[in-house]
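Trainee: Could you take me through this structure slowly, giving the general idea behind each feature before the case at hand?

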Amino acid sequence: MTTLTPQKPAIPQPGGTITPAPAPRPAQDPAWRELVDAVREAGQYPTRSEAESVTRIVLSALGGHVVGDERVDLARALPEEAARVVASQIPATRRLTASEFVDSVAARIEGATPATARWDVSSVLSVLPPLVGDELVTRILRQLPSGYALLFGRAELAPAA
């Protein structure tokens, strides 16, 4: 006896057997494509696939370090696919310096060096402010150790003494 699920409709086969239909591929979110294209342009990646991979890796790393309301607001402001990447991360148990964050991204990208990982991180994070808003980026930066502002394409000014 074959059990069918609503997600996989039946396809009759010759000889009377029934097999489930392949799951439909979701249409790609145009906002996600725009984000990846912006990263591709910022990072000058030769292929869309490479830009998409870097975008996923950097957003997943960021998702572990942004917590609370800022994480929720970030996920809401991002395209659906990017929001899933950010929101699916388990919060980090230790706050990383900006340099350690870049090193953690380098460890996730085959053949990456700290220099290339910094480029990758900056290529992704620098496209976020126009997308999610400067106010949210400021709130996120308040949550992170100093040094992250440059990764978002912002100057990090020391408070006056």
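**Reading the model**

Mentor: Along the sequence, the chain follows the pattern β-β-α-α-α-α-α-α-α-α, with 8 helices and 2 strands in the chain. Helices (H or I, at least four residues) and strands (E, at least two) are DSSP runs, numbered from the N terminus. Residues are numbered from 1 along each chain as its sequence is written. This is a predicted model, in which local features need pLDDT of at least 70, side-chain atom pairs count only at pLDDT 80 or more, and totals for chains, interfaces and linings use all residues, while side-chain values use heavy atoms, with hydrogens and water left out.

Trainee: What is the mean pLDDT of the chain?

Mentor: pLDDT is the predictor's confidence in each residue, on a scale from 0 to 100. The chain has a mean pLDDT of 86, and 80% of its residues reach 70 or more. Over residues 1-11, however, the pLDDT is below 50, and this stretch has 15 contacts in the model beyond near neighbours in sequence, a contact meaning heavy atoms within 4.5 Å. Over residues 19-27 the pLDDT also stays under 50, and the model has 10 contacts for them beyond four places in sequence.

Trainee: At what angle do the axes of helix α2 and helix α4 cross?

Mentor: Axes are lines fitted to C-alpha atoms, for helices over the stretch in contact, and angles run from 0 to 180 degrees between N-to-C directions. The axes of helix α2 (residues 48-63) and helix α4 (residues 80-87) cross at roughly 45° and come within 7 Å. Angles under 35 degrees count as roughly parallel, over 145 as roughly antiparallel, 65 to 115 as roughly perpendicular and the rest as oblique; α2 and α4 are therefore oblique to each other. On the α2 side the contact is made by Arg56, Leu59, Ser60 and Gly63, and on the α4 side by Glu81, Ala82, Val85 and Val86.

Trainee: Is serine 60 buried or exposed?

Mentor: Buried means under 20% relative accessible area, exposed over 50%, and partly exposed in between (1.4 Å probe, protein chains only). Serine 60, which lies in helix α2, counts as buried because its relative accessibility is 12%. Leaving aside neighbours within four places in sequence, serine 60 is in contact with Val85, Gln89 and Arg108. In α4, the buried residues are Glu81, Ala82, Ala83, Val85 and Val86, and what covers them includes α1, α2 and α3 (68-77). Across the chain, buried residues make up 39% of the 161 residues.

Trainee: Where does glutamine 44 lie?

Mentor: Glutamine 44 lies in the loop between α1 (30-43) and α2, and has a positive phi of about 55° although it is not a glycine. With a relative accessible area of 64%, glutamine 44 is exposed.

Trainee: How many aromatic pairs are there?

Mentor: Rings of Phe, Tyr and Trp (its six-membered ring) pair if their centres lie within 6.5 Å, and planes under 30 degrees apart count as stacked, over 60 as edge-to-face and the rest as tilted. By this rule there is 1 aromatic pair. The rings of phenylalanine 101 and tyrosine 148 have centres 5.5 Å apart and planes at 55°, so the pair is tilted. Because phenylalanine 101 lies in helix α5 (residues 98-108) and tyrosine 148 in the segment after α8 (134-143), the pair ties together parts that are 47 residues apart in sequence. Phenylalanine 101 is buried at a relative accessible area of 0%, and tyrosine 148 is buried at 1%.
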